[in-house]
Amino acid sequence: MLNKTRIVIVGIGGVGGYFGGLLSKQYANGNDVEIVFVARGEHLNEIQNKGLTVIKGNESFVTKPYLATDDYSKIGEADYIIICTKSYDLKQTLEKLKPLISHRTILLPLLNGVSATDEILEILPQANVLKGCAFIVSKIKSPGIIENSGNIQKLSFGTDGPLSEAVLHLKNLMFYAGIDVTVSDKISTAIWEKFIFISPTATSTSYFDCTIGKVLEENIETVLKLIEEVKNLALAKGITISDDISGKTLNTMKSMPYEVTSSMHRDYLNQKPQTEVESLTGYIVREAEKLGTAAPTYQKLYEGLLKK
C-alpha cells in the first residue's frame, strides 16, 4: 500500500457523483486518503472551479476532491479504481486506466448489467476485479450538480469467495464516509438481484417511453413477464436468488417516485448515439438463447428498442 490510499472514481454521473461526493467530503484534507474524480467537459470545468454539489432531498453539500481531471497521466498509481461509466464506454476507459493499475490495484465496476467484471478481465486478465452494484436513483442535474431523487442509496460489492484485507479496507473507508455499504463473499446474488430489478425497469421505461409509475399503471403484465424471464435466466446460470425475488422486485419498483425513469430511457430521450440496450436488454436475449431458456417478452421489446 502507498502511505496514502488513492481512490479514483471514473465517471462522475449519478452513481460516481453521489458516492464519490460522499468520499470526497469525508476525506477532503487528503492527508490519508486522496479522492480523484475523472470527469469530462463542462461537468469537469464546474467541479474544478466550484466543486461538486450533491443534492439529496432538502439537503446538499459542496465538495472538492483532491484532484479532478480528464488527464489520466496526472493521476499516478491507484489503490482502488471505482468505475462508474456507462457500459458502452468501458473498453476505451480501461485502455486509459492501464498506467494507473499495478499488481495491488483493485478495480470495482459499478455499471448497470452483470457482465462488466468479465469484460474487464478479458482486457486485463491479471487485474484484481471485484463485482459490485449500486441501488440509487441519481443523475447529473446540471454540470457540477448531482441530484439523488430516490429513497434508496445502497452500494454492495465483493467476491464469490473469501474477502481480502484490501477489500475490507475499502468497505471501511466507504462506511466512514456515510455510504450505506455491504460487502459479500457471495456477491453474484446481490448483482443478479439488482439486475432482476434494473433490466426490466430500463427495458420497459425505454420501450414504452414513459416513467416507471406510468409503466406500472398501464403495462404491469409486461413488467411481470420481464421479471420472470430474467429471473429464470439467473436460475439457469446457477445463481442463488431469493425465493420471493419477483415480489420484492415489484415492490421496489412501486416504491419509486411515479415520475422517475431509467438512465437508459434518459439516453433515448436525449437521443444519445449509444444506450445501454445491449447490456440491459440484449444480454438477456443472447444468454437465454445460449442456455435454452425462454425470453419472448425480452425478444419483442429488444427488437422494438433496436428500431428506435
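How many residues does helix α1 have, and how far does it reach from its first C-alpha to its last? In this predicted model, α1 (residues 14-26) has 13 residues and reaches 19 Å, close to the 18 Å expected at 1.5 Å a residue.

**Helix α1**
- Ten of the 13 residues of α1 are buried, so the helix is largely enclosed by the rest of the structure.
- The buried residues include the glycines Gly14, Gly16, Gly17, Gly20 and Gly21. Tyr18, Phe19, Leu22, Leu23 and Ser24 are buried as well.

**Strands around β10**
- Strand β10 (residues 145-158) runs parallel to strand β3 (residues 52-56), and four bridges join them. Within this pairing, Thr53 stands opposite Ile145.
- Strand β9 (residues 131-142) pairs with β10 in the antiparallel sense over ten bridges. Here Ala134 faces Leu155 as its opposite residue in β10.
- β9 and β10 form a hairpin with two residues between them. Gly144, in the turn, has a positive phi of about 85°.
- Strand β11 (residues 180-184) pairs with β10 in the parallel sense over five bridges, with Phe157 opposite Val183 in β11.

**Residues 187-303**
- UniProt, in an unreviewed entry, lists residues 187-303 as "domain: Ketopantoate reductase C-terminal".
- Over these residues the chain is 74% helix and 0% strand. The end C-alpha atoms of the region are 31 Å apart.

- Most residues other than glycine have a negative phi.
- Asp209 has a positive phi, near 55°. Asp209 lies in the loop between α6 (187-208) and α7 (212-218), and its relative accessibility of 45% makes it partly exposed.
- Gln271 has a positive phi of about 50°. The loop that holds Gln271 lies between α10 (263-269) and α11 (277-291), and Gln271 is exposed, with a relative accessible area of 71%.

**Salt bridges**
- The model has 15 salt bridges.
- Glu46 and Lys50 form a salt bridge, with their closest N and O atoms 3.3 Å apart. The two residues are four apart in helix α2 (residues 41-50), so about one helical turn separates them. Lys50 is exposed, at 58% relative accessible area.
- Glu228 and Lys231 also form a salt bridge, their closest N and O atoms being 3.3 Å apart. They are three residues apart in helix α8, and therefore separated by about one helical turn. Glu228 is partly exposed at 31% relative accessibility, while Lys231 counts as buried at 16%.
- Arg286 forms a salt bridge with Glu278, with a closest N to O distance of 2.6 Å. Arg286 is partly exposed, with a relative accessible area of 39%, and Glu278 is partly exposed at 34%.
- Lys4, Arg6 and Glu34 are linked in a network of salt bridges.

- Glu229 is found in helix α8 (residues 220-236). Glu229 is buried yet has no salt bridge.
- The nearest side chain of opposite charge to Glu229 is Lys225, 7.3 Å away. A salt bridge requires the nitrogen and oxygen to be within 4 Å.
- The side chain of Glu229 does make a polar contact, at 2.5 Å, with the side chain of Thr297.

How values were computed:
Residues numbered from 1 in each chain as written. Predicted model: local features only at pLDDT ≥ 70, side-chain atom pairs only at ≥ 80, totals over all residues. Heavy atoms only, no water. Pairing = 2+ DSSP bridges. UniProt positions renumbered as here; feature names shortened; annotations may be inferred. Expected span 1.5 Å × (residues − 1). Buried < 20%, exposed > 50% of the residue type's maximum accessible area, 1.4 Å probe, protein only. Lys, Arg positive; Asp, Glu negative; His and termini not counted. Polar contact = N/O pair within 3.5 Å; in protein donor to acceptor, adjacent residues only side chain to side chain.
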